[in-house]
Amino acid sequence: GGVLESSLLQIYHQHNLSSLHLRQISEQAKKEAIRKAARVSDLLVDAVNGGVEECFINEKRIELEIRALAATVTQFLKQTDQWLLDQRVVLVNQVIFSWFSYNLKVV
C-alpha cells in the first residue's frame with residue numbers, strides 16, 4: 001500500500017502545483033488584460049479629447065473670422081454710405097450749377 005499511497009500523494013501534489021501554476025498564469029493574464037483595457041481606454045479618451053480640443057480651436061478661429069468679416073462689412077457699409085452722400089452732394093451741386101447757369105442765360 002505504501003507505493004500506491006506514495007504515487008497517489010505525488011499525483012495529488014503535482015495536481016496542486018499545476019492548479020497553482022494555472023491560477024498564477026490566469027491572474028497574470030487577467031492583470032495584463034486589465035492593463036491593456038486601461039491603455040485602450042486612455043487612448044480613446046485622448047483621441048476624443050484631441051477631437052474636442054481641435055473642434056474648440058476651430059470654433060474660436062471661425063468666431064474670429066466672423067468678427068473680422070463683420071468689421072469689414074461694417075467698414076464697407078460706412079464707405080458706401082459716404083460715397084452715396086458724396087455723390088448726392090455732387091449731384092445737388094450740378095443741379096444748382098445748371099439751374100444758375102440756365103437762369104443767368106435767360107436773363
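Tutor: The protein has 12 positive and 12 negative charges, and their mean positions are 3 Å apart. Here Lys and Arg count as positive and Asp and Glu as negative, while His and the chain ends are not counted. Each charge is placed at NZ of Lys, CZ of Arg, CG of Asp or CD of Glu. This is a predicted model, in which local features need pLDDT of at least 70 and side-chain atom pairs count only at pLDDT 80 or more, while totals for chains, interfaces and linings use all residues. Residues are numbered from 1 along each chain as its sequence is written, and side-chain values use heavy atoms, with hydrogens and water left out.

The protein has one helix and zero strands; helices (H or I, at least four residues) and strands (E, at least two) are DSSP runs, numbered from the N terminus. Along the principal axes, the C-alpha trace spans about 155 × 10 × 5 Å. The radius of gyration is 46 Å, whereas a compact globule of 107 residues would have one near 13 Å. That radius is taken over C-alpha atoms, and the globule rule is 2.2 Å times the number of residues to the power 0.38. Of the 107 residues, 0% count as buried. Buried means under 20% relative accessible area, exposed over 50%, and partly exposed in between (1.4 Å probe, protein chains only).

Now the pairs themselves. Side chains of opposite charge can pair when their charged atoms come close. A salt bridge is a side-chain nitrogen of Lys or Arg within 4 Å of a carboxyl oxygen of Asp or Glu, and by this rule there are three salt bridges.

Glu32 takes part in a salt bridge with Arg35, at 1.8 Å from N to O. Because Glu32 and Arg35 are three residues apart in helix H1, about one helical turn separates them. Glu32 is partly exposed, at 29% relative accessible area, while Arg35 counts as exposed at 51%. Glu32 also meets Lys36 in a salt bridge, with 3.8 Å from N to O. Glu32 and Lys36 are four residues apart in helix H1, so they too are separated by about one helical turn. Lys36 has 52% relative accessibility and counts as exposed.

Further along the numbering, Lys60 forms a salt bridge with Glu63, the closest N and O atoms being 3.5 Å apart. Since Lys60 and Glu63 are three residues apart in helix H1, about one helical turn lies between them. Both ends of this pair are partly exposed: Lys60 at 37% relative accessibility and Glu63 at 25% relative accessible area. Elsewhere, salt bridges that share partners join Glu32, Arg35 and Lys36 into one network.

For contrast, some nonpolar residues of the helix. Val92, Ile96, Trp99, Phe100 and Leu104 make a nonpolar surface patch of about 550 Å². Patches are made of residues with over 30% relative accessible area and no salt bridge; like charges are joined within 9 Å, nonpolar side chains (Val, Leu, Ile, Met, Phe, Trp, Tyr) within 5 Å. Val92 lies in helix H1 and is partly exposed, at 44% relative accessible area. Phe97 lies in helix H1, residues 2–106, and counts as exposed because its relative accessibility is 60%. Phe97 and Phe76, 21 residues apart in sequence, have C-alpha atoms 31 Å apart. Leu44 is in helix H1 as well, exposed at 53% relative accessibility. From Leu44 to Glu5, 39 residues apart along the chain, the C-alpha separation is 57 Å.

Accessible areas come from the Shrake-Rupley method with a 1.4 Å probe; for residues, only the protein chains shown count as cover.
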